[in-house]
Every structure is written in C-alpha cells, then in structure tokens.
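Q: Could you walk me through how to read this model, beginning with the charged pairs?

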Amino acid sequence: MNKKLSLIGTGVAVGTLLLVTSAYAGVNASSGYDSYKTAIKTTVAAKSVTQAVSVTVQDNGKSLIGVNGTVKKNNDNHAVSADVTIKGGGTEQSLKVYNTDGKTVFKTGDSDTYQVIEDKAGMGHKFQAAKNDKERSGQVQGDQFNKEAENLIDALVGNLQQYVTENPAANGAKEIHLSLSGNQIPTAVNAIGSFLVKKASHDNVQGTHDKAFKTPFGTDFSALKQSLPQLSSDVAITKVDLLATVDGNSYITNQKASLTIEGKDASGLAHVVVVSVDLGLSGVNATTPDSVDLTGKQVENVDMKQWEGMKHK
C-alpha cells in the first residue's frame with residue numbers, strides 16, 4: 001500500500017518491533033521467554049485463527065487514534081477477511097476486506113461500491129504447488145536463517161532475561177510479562193526506535209502539503225495523519241510493557257502491549273505518546289474467513305499499477 005499509509009501505524013510497528021525483540025533476549029536462561037517463544041511458534045503455525053485487534057494512540061493523555069478490527073485467516077486456502085474501524089482527526093472510517101481465490105475485495109463504510117483487485121496473471125494458483133515444494137526443500141535453510149536472525153536479535157537487545165516473568169493462571173494457562181523502563185531499555189534498541197519515530201515525523205511533515213492522503217479504495221487519512229505529533233528532538237522510548245496469556249496448548253489467547261515514547265516537537269513542546277495494542281486470538285484451527293457474493297453489487301476493478309504511478313506525481 002501507500003508508503004504514507006504505513007506511517008499511520010509507525011508507532012504500532014515500532015512498538016511491536018521493540019516488544020518482540022525485547023522478548024527474544026535471554027533465550028537460554030529465561031523459562032518465561034522459552035514459554036513465550038514456544039507460544040509464538042505454535043500460534044503462528046495454526047491453520048486458522050481469528051484476531052480481535054484494538055490499537056490506541058494517546059498524546060499527553062489525549063486520544064489521537066483508535067483502531068478496532070477483526071481479522072480472520074485460514075492458511076490452508078490462503079483466505080483472509082478483515083473488518084476495521086479507524087477513529088482519529090475528527091473522522092471515523094471503516095473498511096472491509098475479503099481475500100480469497102486470487103481476488104481481493106475492499107469496501108469502505110460510506111460507499112456501496114466494492115473495489116476489486118484480481119490476480120489477472122493467475123500466477124498464485126499456478127505456482128502454489130511449486131512454492132510448497134520449494135518451501136519443503138528449503139526447510140533446513142529456513143531453520144538456519146531463523147536461528148541466525150534470533151542470534152542477531154539477542155545481540156542487538158542484550159541480556160534482558162531477568163525481566164521476562166511467567167506466572168500460572170486459571171485452567172492450566174500462564175501469563176508472561178515483560179516490563180522495561182528507563183535505562184533498562186537497551187541503548188541500541190532505543191536509538192533505532194528513536195530514529196524510526198523521528199523519520200516518520202519528518203515524512204509526516206513533508207506530507208502535510210498534500211491536498212489529500214487517499215488510498216486507492218477511497219479512504220482519506222489526511223486528518224488522521226496530521227493529528228499525530230511531529231517529534232523532532234529528545235526522542236526516547238521510555239517504557240515497554242507486554243502481557244501475554246498462553247493457554248494449556250501453548251496458543252496465545254491474548255496479548256496486551258504498550259509503548260511510551262517521549263520527545264519534543266519543533267516548538268519545544270514536550271509530548272508523551274502512548275501506543276497500546278490489545279490482541280485477542282480465538283477460533284484456532286476452526287476459523288473460516290468471511291466472504292462476499294458480488295452478484296448484483298456495484299463493482300469497480302482497481303488497477304494498482306495505474307494508482308502506483310499516480311501517487312508519485
């Protein structure tokens with residue numbers, strides 16, 4: 001999608017990166033981390049799952065952005081559906097997405113038109129079998145790559161295993177908690193996170209000259225984009241919290257995370273930005289993504305190549 005659209009979720013992306021990389025530290029010493037790593041692998045390997053996602057962004061206690069959505073995925077047939085509502089900048093917009101059989105359908109809440117992107121080349125199904133064979137043959141190399149990536153994350157984050165705790169919960173479940181603040185957050189991680197935040201703010205300033213910030217599906221995020229604080233100095237990640245609930249089968253059933261970012265804008269005004277994410281998972285191996293019947297509906301085919309060319313003008 002649009003490069004600028006990704007900036008809306010920059011805080012969430014940075015938060016997720018820091019939370020995940022922090023959790024990867026101390027793999028050999030922390031039973032809490034071992035349980036969390038096992039739960040991540042088990043959950044990712046599920047054939048299907050329903051994700052209830054809630055994201056909020058606050059600046060100095062004022063709510064800026066609220067995102068609520070439900071995502072249903074089935075890995076066996078590569079089907080996905082999503083129903084998302086975004087509030088911020090004095091606007092509220094909703095978007096429904098259906099992806100199956102080489103076709104992706106989008107519908108915004110204020111329109112009766114269904115935007116459709118088709119796999120015109122038909123390459124997805126044609127090469128799926130070959131792709132599966134390649135993935136199977138490359139399993140050893142993939143495992144090696146994952147191990148190397150894990151080692152890299154360990155080296156980047158440092159030894160934080162003492163901050164990953166595990167406590168028993170009801171019905172054989174367990175809660176895994178990570179809490180970091182101040183100088184507990186590794187310098188390298190903070191430096192990377194601060195750079196990404198400042199880079200996103202700079203791009204946000206550059207984009208304020210645009211008359212509109214639209215996706216090819218009709219949603220306009222101009223007001224939402226401009227409501228985000230533009231941090232330029234003294235930017236630092238000051239607090240990271242993660243609480244994951246894992247059931248008796250090592251599936252993550254809920255994950256709450258928050259990231260606190262502090263900094264100043266160009267005028268010297270101090271900001272405390274808190275990004276919070278609440279992810280609930282259900283329907284493991286029993287989820288069927290929603291579908292839509294386009295018969296009799298108003299349909300518009302979207303030419304992504306044409307839109308990609310227009311957005312750079």
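Q: Which side chains meet in a salt bridge at 4.0 Å, N to O?
A: A salt bridge is a side-chain nitrogen of Lys or Arg within 4 Å of a carboxyl oxygen of Asp or Glu. Here the side chains of K87 and E92 form one, at 4.0 Å from N to O. This is a predicted model, where local features need pLDDT of at least 70 and side-chain atom pairs count only at pLDDT 80 or more, while totals for chains, interfaces and linings use all residues. Residues are numbered from 1 along each chain as its sequence is written, and side-chain values use heavy atoms, leaving out hydrogens and water.

Q: Which parts of the chain does the K264 and D234 pair link?
A: Helices (H or I, at least four residues) and strands (E, at least two) are DSSP runs, numbered from the N terminus. The side chains of K264 and D234 meet in a salt bridge at 3.6 Å, N to O. The pair links distant parts of the chain, with K264 in strand β10 and D234 in strand β9, 30 residues apart. K264 is partly exposed, at 33%, and D234 is exposed, at 55%.

Q: How does D241 count in terms of burial, and what is its salt-bridge partner?
A: D241 counts as buried, at 16% relative accessibility. It pairs with K239, the closest N and O atoms being 3.8 Å apart, and K239 is partly exposed, at 39%. The structure holds five salt bridges.

Q: Which residues have the most contacts inside the largest nonpolar core?
A: A nonpolar core is a set of buried Ala, Val, Leu, Ile, Met, Phe, Trp, Tyr and Cys residues joined through side-chain atoms within 4.5 Å. The largest has 30 residues, and those with the most contacts inside it include Y36, V57 and L180. Among the elements giving two or more residues are α3 (31-44), β1 and β2 (62-74). Strand β9 gives the most, with six residues. A second, separate core of six residues includes V71 and V302.

Q: Where is confidence lowest?
A: pLDDT is the predictor's confidence in each residue, from 0 to 100. Helix α1 (residues 3-8) is lowest, at a mean of 38, and strand β1 (residues 48-59) highest, at 96. The chain's mean is 77. Where pLDDT is low, the predicted coordinates should not be read in detail.

How values were computed. Buried < 20%, exposed > 50% of the residue type's maximum accessible area, 1.4 Å probe, protein only.
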